[in-house]
Amino acid sequence: MSSIYKNLSDFSDINIPSAKGYRFGIVVAEWNREITESLYEGAAQTLLLHGAEQSAITRINVPGSFELTAGAEMLAAKGSYDALICLGCVIQGETRHFEFICQAVASGLTQLTVKYGKPFVFGVLTPDTMQQALDRAGGKHGNKGDEAAVTAIKMAALARQLS
Ligand code: RBF
């Protein structure tokens, strides 16, 4: 988690495995598109930076974060991916809708990880305000899309190592 003490989007001191030869699926929610496009750009650039081929990255869009689980399942069922990255942004409002969406996605992606034995990375921002979202999508707290990609690479490498 990013904080005033540690911005995890700076990976310069962390040993990240090569992503060469791995296949990645990225599911992007269209709600709060300004934010999710930045998350996607960060994730895709990070995968490429660490050796993934452009042709090894498949992107699909879903309407909102609630649909991330369904989109990820559809992608996983169709293709052979080493990791799936799910990107969304749910801004806390005054209704309980926020909790329903976030809990559904967190639980859905956990279930998919268990079902497929592969990483389904939770790259969903859950800020209180749009400014906090901007700060975490290429702003002063880095880009959580980058962090999601690094998690995907590390977990894909771990899955291969243990298989
Ligand atoms: N989807 C998001 O990705 N982020 C949101 O902040 C968000 N807020 C929503 C607020 C309300 C009141 C509703 C009804 C939907 C919202 N959605 C949001 C869309 C949700 O993820 C999903 O696409 C729809 O509920 C249709 O299943």
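**Note on the predicted model**

1. Leu162 sits in helix α5, which spans residues 144-162. Helices (H or I, at least four residues) and strands (E, at least two) are DSSP runs, numbered from the N terminus. Leu162 counts as exposed because its relative accessibility is 66%. The classes are: buried under 20% relative accessible area, exposed over 50%, partly exposed in between, with a 1.4 Å probe and protein chains only.

2. Some ground rules. The model is predicted, so local features need pLDDT of at least 70, side-chain atom pairs count only at pLDDT 80 or more, and totals for chains, interfaces and linings use all residues. Residues are numbered from 1 along each chain as its sequence is written, and side-chain values use heavy atoms, with hydrogens and water left out.

3. Now strand β1, residues 24-29. Six of its six residues are buried. Phe24, Ile26 and Val28 point one way; Gly25, Val27 and Ala29 point the other way. In a regular strand the side chains alternate between the two faces of the sheet. Here the residues pointing each way are buried.

4. Which strands run parallel to β1? Strand β2 (residues 57-62) is one, joined to β1 by six bridges. Strand β3 (residues 83-89) is another, with five bridges to β1. Strands pair if DSSP finds at least two bridges between them. Ala29 has Val62 as its bridge partner in β2. Gly25 stands opposite Leu84 in β3.

5. With helix α1 (residues 33-49), the two strands make a right-handed β-α-β unit. Right-handed means that, with the strands pointing away from the viewer, the path from the first strand over the helix to the second runs clockwise.

6. Is Leu47 buried or exposed? Leu47 lies in α1. Its relative accessible area is 0%, so Leu47 is buried. Leaving out residues up to four places away in sequence, Leu47 touches Ala19, Phe24, Ile26, Ala52, Ile57, Ile85, Ala149 and Ile153. Contact here means heavy atoms within 4.5 Å. Phe24 and Ile26 in that list also point one way from β1. Tyr22 is 25 residues from Leu47 along the chain, with 9.6 Å between their C-alpha atoms.

7. The structure holds six salt bridges. The criterion is a side-chain nitrogen of Lys or Arg within 4 Å of a carboxyl oxygen of Asp or Glu. Lys20 and Glu53 form one, with the closest N and O atoms 3.7 Å apart. Lys20 is in the segment before β1 and Glu53 in the loop between α1 and β2, so this pair ties together parts 33 residues apart in sequence. Lys20 is exposed, at 56% relative accessible area. Glu53 is partly exposed, at 40%.

8. Another salt bridge joins Glu37 and Arg59, whose closest N and O atoms are 2.7 Å apart. The pair links distant parts of the chain: Glu37 is in α1, Arg59 in β2, and 22 residues separate them. Glu37 counts as partly exposed because its relative accessibility is 27%. Arg59, at 28%, is partly exposed.

9. Glu30 and Arg33 meet in a salt bridge too, at 3.9 Å from N to O. Glu30 is partly exposed at 33% relative accessible area. Arg33 is partly exposed at 45%.

10. Last, helix α4, residues 130-135. Gln132 lies in this helix. With 28% relative accessibility, Gln132 counts as partly exposed. How far is Gln132 from His50, 82 residues apart along the chain? Their C-alpha atoms are separated by 27 Å.
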